[in-house]
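This report describes a predicted model.

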Amino acid sequence: MSKARARAHDDGGYGLDQLELGIVPAGADDSDASSRAEFFARAVVAGGALVAGGVLVAGFPRLAASAPSAAQDKKILNFALLLEYIEAGFYAEAFAKGKLSGELQEYVSIVRRHEQAHVAFLKSALGKNARKKPTLSFGETTSDPAKFTAAAIALEETIIGAYNGQAANLTKPTLAMAAQIVSVEARHAGWIRAIAGENPAPNATDEPKTATQVQSAVNRTGFVRSS
Amino acid sequence: MSAKKHETHTMSELTLGKLDRDGAIREAVARVSGDTRARFLGKAAVGGAALLEALTAPALAGATASSDVAILNYALTLEYLQAAFYTEAERLGAIRGELKPIPRQLGAVERAHVAAIRAALGQAAVKRPAFDFRGVTEDDTKFLKTAVAFEDLAAAAYKAQAARIKSAALLAAAISIHSVEARHAAWMRFLAGVTPAASAFDQGKPISEVKAIVASTHFVVAHPKMASRKNPTYKG
């Protein structure tokens, strides 16, 4: 990779050979970035349990990529609602505990309202079909700044992948609404990563995650006690 | 797209792993498209680029809707603009301080978007226009303000097109570029000291509005400028 990088710097043109500089290195050699924060966040995202004793989330919809339909939209929106419940609950608790300061405090005070708005929006879209809020437990992730940061990154990354993964399974009107939410989640991810000294946008695309991948990511957090 | 008879490729699922696990697409691409697209695919094995490969699949099927071609070309013009902006800033080397790595980091991503969309469009791709950035690529404050504006605009532009895209594979690729543009917007806003996420819902911008905004910048020019307005700086 270092060879590709060296060559890439020789030419800033648009040739296809530019691609190999693409993306990989974005920020990889920023020695000024906080490697500790980066390592910590990565470790958590990669699979450490954030809270011990969570239950496995059941009831994730089986989302085969069948033709979009109103019925399938409902399943997907309920899937999104669970994720938004977790985010909203996480930020609300962190805000209420009041242990965060500075940039993190500013972040949580603004982002919590967005997630509450997303929950309210999805609930109203689903009406009586809306799932119930699960029992949640966040442990020290809502009071310890480093744990909070790692958990926020994990949650935001998961939900971006979740929305992107379902985009093509939604009917067009519902997709148009979901697109207004996912970029806000992406902004949150960029914001909290910037605060943490991590590259806010390490890749050229945010890869879609399947419902199964999202479920695993949620289970790894241990945040959900009953669904 | 090309008038050549392409092999058809049916996409049953959007998961990328399925797209080219065995390299079959890659080989087919090399056969029908010659060196260019094959080189792109061969070198795309970098972070986040797997999805960009999805952009090439519809071309293989030879059945891309004309409206999807138009949307891709529209996206390409915006990516050309962003890529040229960051690339010029990187070349000039005048951006300093905490902004110093930004032209290289974002330029790399926007150039990857350009390359992927061009590869998807093949012969149908619009040409890269000439740009004159009027000094904003060599002044920290102007550079950052322009970056914020470009990234917010790109996110809004992709968003408004998402529901208009017919091909599921193109949609998956476009929506996954869309959220990266939103990350960039938040990042640039963070550096500029403005709220990275200003509201709970991001609004899209229709093509007419986006084009009017781009036109108002006068960054896109009919002909390349013939002489640099600035003297070259000695950089040792």
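## Chain B

Chain B contains nine helices and two strands (DSSP runs numbered from the N terminus: helices are H or I of at least four residues, strands E of at least two). Along the sequence their pattern is α-α-α-α-α-α-β-α-α-α-β.

Of the 236 residues in chain B, 49% are buried (20 or more other C-beta atoms within 10 Å of the residue's own, with C-beta atoms placed from the backbone).

## Basis of the model

Residues are numbered from 1 along each chain as its sequence is written, with chains lettered from A and ligands numbered from 1 in the order in which they are written. In this predicted model, local features need pLDDT of at least 70 and side-chain atom pairs count only at pLDDT 80 or more, while totals for chains, interfaces and linings use all residues.

## Helix packing in chain A

The axes of helix H3 (residues 70–97) and helix H5 (residues 145–166) of chain A come within 11 Å and cross at roughly 165 degrees (axes are lines fitted to C-alpha atoms over the stretch in contact, with angles from 0 to 180 degrees between N-to-C directions). H3(A) and H5(A) are therefore roughly antiparallel (an angle over 145 degrees).

## Nonpolar core

The largest nonpolar core has 115 residues (buried Ala, Val, Leu, Ile, Met, Phe, Trp, Tyr and Cys joined through C-beta atoms within 7 Å). Helix H8 (residues 168–192) of chain B supplies its largest share, 16 residues.

Methods: Parallel < 35°, antiparallel > 145°, perpendicular 65-115°, else oblique. Buried ≥ 20, exposed ≤ 12 C-beta atoms within 10 Å, placed from the backbone.
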